[in-house]
Amino acid sequence: MVDTPQEIKEKRFGRVVPILLVFVGLVALGLIFRWGRPVKPVDRLEWEGLVALSPPLVLTYLGVDPESPMIGDWKDWEKKLSDHPRIRKVRITRDPDGFLIINIQEKVAEFVIHVGNSLYEVDEDLEILSRDQVLANHTIVISGQFTVGEEKLEGRQIFDITKEMRHALSLYPALKSRISELVAERDGNYTMYLKSPNSIKVYLGDKLELNVFRKLYASLAYMEAESVKAVSIDLRGEDAIYH
């Protein structure tokens, strides 16, 4: 006698259900075993997501001695770390095996802004991540007489400079590892300092625009191709002048 399609479906379903029940039962037993056992006291920390920050810096911010941290008062750590200027998101979970998992998502420092005698790391929104405690490596410094607010850099000039720099570096990414500092001079001109292929001072003129970065990129390519040695480049005219 041949089974109808409906009967075949019913037989298959009848075989699948017990398997699913066994699987669910095993998962439930595993959870009961894991979470039903006594929870150990927290005695160690496990860090996830740290980039520029380090465990000692985070613990110091929390008012905890990094050398011998007292972990017993960890329940308010997540709230405290949420106020850290360098942290975008934080999640702390406790594992029954006796350790805390601290997952941190950091804000990214895009530039270091030099104003007066201080250095400020800022993100893409010009929010201040640090003052005189630069943690990010190989970040371009922008110097000038900018306005420093309570939580961010303010003013049209710094906004336009970072916007133009961001756009230019997206088109000529090779420049990012070569530029050390951009200075907005008091007279309205811009001067750039390169660290590669060697220390070079670049005169950009009074307009920070994409064409200047194109000329800079072309000048460096020419210098490398022709083995030209220079300590300064003047880009204020039609042609680059090397000294």
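**Briefing: pocket, fold and an aromatic pair**

Pro-85, Lys-107, Glu-127, Ile-128, Glu-150, Glu-151 and Lys-152 line the largest pocket. This is a predicted model, in which local features need pLDDT of at least 70, side-chain atom pairs count only at pLDDT 80 or more, and totals for chains, interfaces and linings use all residues. Residues are numbered from 1 along each chain as its sequence is written, and side-chain values use heavy atoms, with hydrogens and water left out.

**Pocket**
- A pocket is an open set of points on a 1 Å grid over the protein atoms alone, where a 1.4 Å probe fits, with protein on both sides within 12 Å along at least five of seven lines; lining residues have an atom within 4 Å of a point.
- The volume of the largest pocket is about 200 Å³.
- Its lining has two nonpolar, no polar and five charged residues (Asp, Glu, Lys and Arg count as charged; Pro and Ile are among the nonpolar ones).

**Fold**
- The protein has five helices and 14 strands (DSSP runs: H or I of at least four residues, and E of at least two).
- Of the 243 residues, 34% are buried (under 20% relative accessible area, with a 1.4 Å probe and protein chains only).

**Aromatic pair**
- Two aromatic pairs are counted (ring centres within 6.5 Å).
- Tyr-172 lies in the loop between helix 4 (156-171) and strand 10 (179-184), and Tyr-217 lies in helix 5 (residues 210-226), 45 residues apart.

Key
Grid points are joined across faces, edges and corners, and a volume is the space filled by probe spheres set on the points. Buried means under 20% relative accessible area, exposed over 50%, partly exposed in between (1.4 Å probe, protein chains only). Rings of Phe, Tyr and Trp (its six-membered ring) pair if their centres lie within 6.5 Å; planes under 30 degrees apart count as stacked, over 60 as edge-to-face and the rest as tilted.
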